[in-house]
Amino acid sequence: MNVELSSGLKAKRSNSLKSLYKMELVRISTAGSVDDGKSTLIGRLLFDNNALTKEQEELVAKKTAEKGWDDLDLSVITDGLVAEREQGITIDVANMYFSTDTHKFIITDSPGHVEYTRNMVTGASMAETSIILIDARKGLLEQSYRHFYISHLLRLKRVIFAVNKMDLVEYDQDRFLEIAVEIQRMVEGLNAAVPYTVVPVSSLKGDNVVKPSENMTWYQGKTLNGLLHETHPDISESQPLRFDVQHVTHSQENGFVDYRGYSGRVISGTVSVGDTLRVLPSKKESVVTEIRRYTETKDKAISGDSVSISLADEIDISRGAILVHPDETPEPQQTVKATLVWMDEKDANVGSKWLMKAASREFPVKLQTILQSVDPTKKNATDNKNVIALNDITEVEIRLSQPGYFDAYETNKKNGIFILIDPQTNNTVAVGFVKGE
Amino acid sequence: MKNQHLYDLENESIYILREVASQFKKPVLLFSGGKDSIVMAHLARKAFYPSRIPFPFMHVDTGHNFPETIEFRDAFMKELGADLIVRYVQDSIDQNKVQEETGKYASRNSLQTVTLLDAIEEHGFDACLGGARRDEEKSRAKERIFSVRDDFGQWDYKRQRPEPFQLLNGRIQFGENVRAFPISNWTEEDIWSYILQEGLELPSVYFAHNRKLIKRDGQYLAHSEFVNIVDSDEIEERTVRFRTVGDMTCTAAFLSDAATVEDVLKENVASKHSERGARIDDKRSESALEDRKKGGYF
């Protein structure tokens, strides 16, 4: 039983397993309509990356034979629940995992229907890149606008438009260019700053998914797989420090005398031993004496790290406190402007009350003003509604019972988000993106 | 060189474990003695060090475990200094709460659910930490990190709470409880790589050893008094290992010479069998696991 981190481990590693030690963890979200072949695309990506298990390969072979198809039915790998298999659609968010020599990918697949906007936002929330599928025969649909708007709202680092079913339009370059122009108009119409790429594929036949297409020699760009490998994890080291205290660790054990550590996650930025930190909301200040992760002490911790921080002075700090650098203290908002994505069956009105959860803080809030509803498809004029309903995207003003200390989502994603919880049902009813002033 | 993706996964799991400890009054960690629960216990140790892990462990013992697993479990708990609660499926059988299955494929695997739910009620646990991973099976792929169960332990995927940005909402009504899955995003390969990196010990059945086996339907089962042997079964002795440590009645052995963690990793990369392939009870039907989960199974 090794309680201490074993020092002999490095010697045990052999070259043949080296690849396991340098992979980057990258999260991708996919979204698409019912029949634009999303399940087949993911299946193809896994199959051509040699990432299917033997059982999955056998299932594909069995289902393909049952259907009597010439091409492999790769869609059966991802359609997880019985209800989905019965209806032939993807209802919920599903996660899939595969790795190549350099990357470990987590694909979060969410359904494309308008009524599942909430799942799409959830699915894409952790992603660096989203893949939006477009049926080459149909071009952009209302849902394509919605998917792109959500990628833009989430400020993803990149959007890849996969124009699928190119085999059904004779691999025609002109058709592809028509769609590329449509996409460009959509991006310009939203004034969106999200970098994007368009790639022509056929997931059924395997063109440009992992293997470059022989049927579309006119396309000189990278395959979908090549584009995914250009993705890197989102680590926001250069932003202001926001440390969320989840748990206070006290200990007299393991040789420690009166150990006290503030355990939590670096939401953004960097913290180093010797830094003076300000505690919010008390505004008291003290110096970092130790940054600990298990038996190891560190000089610094960066965005994403789960650590325990000890301070020179005894200050009353409990769950929900935020540690920051004094010269980068966020404003203590009494109200916030935010874009809400509504996720509950029950509607909301001005005056509705909820619990807001932001990092480890939880406090009551009230909907003060509905500013305007957003139509991501830009088809309907925005109207000022009094009611917020399931899957609505709405700009609102919310009054807080405690100071907010949010950053604008646009400048610091991880300190610019919250969820709303209905205190009666305990359901998570909305996700909010804080807007700058 | 730091293994970046394992470090990221560890960050995420520690975050989840700390949320569970803070959001619930009486959490428990479900510990089977298998590799996933050993990794989870190690992560819990890291999350709260230098203090003790702030919740007890519980094992639902079917009575059909590998003796090696039980031996390991007890040694592990002693080393860790955590409290272990053991509840026995045999007790539920004796109390006539469940009926022992009969016949060639008789297994106590699905009977565990009743014992588990009774133990949750008895102790008033409001959160159960489980080592389930989303890569194990298709219906697991849709499980949230916090999964709310009603009084009867039932899982309703339509009632799942959205978890944008991993903001975890653990608020529950009286009588409800939450199943929490800190290693949701780990794959089997991640688990083995992590065991190698951290130098964790495992029960010996995970590594190649000589064993008396029952060959049935082209698969090998460990020879034990718990399996009802029929005429068509062949008894053989082979060098094998197990990829999971479920019940002896329903866990298939693999012919293997992999004697170390590193050997196992190499062999897993080379072969491509998913580990649930070795769980015979999942093969009963295409939706076997989903059906059991709706009924409160882990």
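This is a predicted model: local features need pLDDT of at least 70, side-chain atom pairs count only at pLDDT 80 or more; totals for chains, interfaces and linings use all residues.

Reader: Thanks! What span does helix H6 of chain A reach from its first C-alpha to its last?

Author: The helix covers residues 142–153, which makes twelve residues. At 1.5 Å a residue, 16 Å would be expected. The model comes close to that, with a reach of 17 Å.

Reader: Let's turn to the rings. What kind of aromatic pair do Trp192(B) and Tyr206(B) form?

Author: The search of the whole structure finds 22 aromatic pairs over all chains. In the pair Trp192(B) and Tyr206(B), the rings lie 5.7 Å apart, centre to centre. Planes over 60 degrees apart count as edge-to-face. With 85° between the planes, this pair is edge-to-face.

Reader: How many residues apart in sequence are the parts that this pair ties together?

Author: Trp192(B) belongs to helix H6 of chain B, residues 188–198, while Tyr206(B) is in the loop between H6 and strand S7 of chain B. Trp192(B) counts as buried at 1% relative accessibility, and Tyr206(B) is buried with a relative accessible area of 1%. The parts that the pair ties together are 14 residues apart in sequence.

Reader: Which residue of chain B is in the ring cluster with Phe256(A)?

Author: Ring pairs link this cluster, and chain A supplies Phe256(A), Tyr259(A) and Tyr294(A). The residue from chain B is Tyr49(B).

Reader: Which ring does the charged end of Arg243(B) sit over?

Author: A charge sits over a ring only if it is within 6 Å of the ring centre. The charged end of Arg243(B) is 5.9 Å from the centre of its ring. That ring belongs to Phe254(B).

Reader: Last one: what is the bridge partner of Ile214(B) in S9(B)?

Author: The strands S7-S8-S10-S9 of chain B run as a closed barrel with antiparallel pairing. Within it, S7(B) and S9(B) pair over seven bridges. For Ile214(B), the bridge partner in S9(B) is Ile235(B).

Key:
Residues are numbered from 1 along each chain as its sequence is written. Chains are lettered from A and ligands numbered from 1 in the order in which they are written. Side-chain values use heavy atoms; hydrogens and water are left out. Rings of Phe, Tyr and Trp (its six-membered ring) pair if their centres lie within 6.5 Å; planes under 30 degrees apart count as stacked, over 60 as edge-to-face and the rest as tilted. Helices (H or I, at least four residues) and strands (E, at least two) are DSSP runs, numbered from the N terminus. Buried means under 20% relative accessible area, exposed over 50%, partly exposed in between (1.4 Å probe, protein chains only). A charge sits over a ring if NZ of Lys or CZ of Arg is within 6 Å of the ring centre and within 35 degrees of the ring normal. The expected span of a helix is 1.5 Å times one less than its number of residues. Two strands pair if DSSP finds at least two bridges between them.
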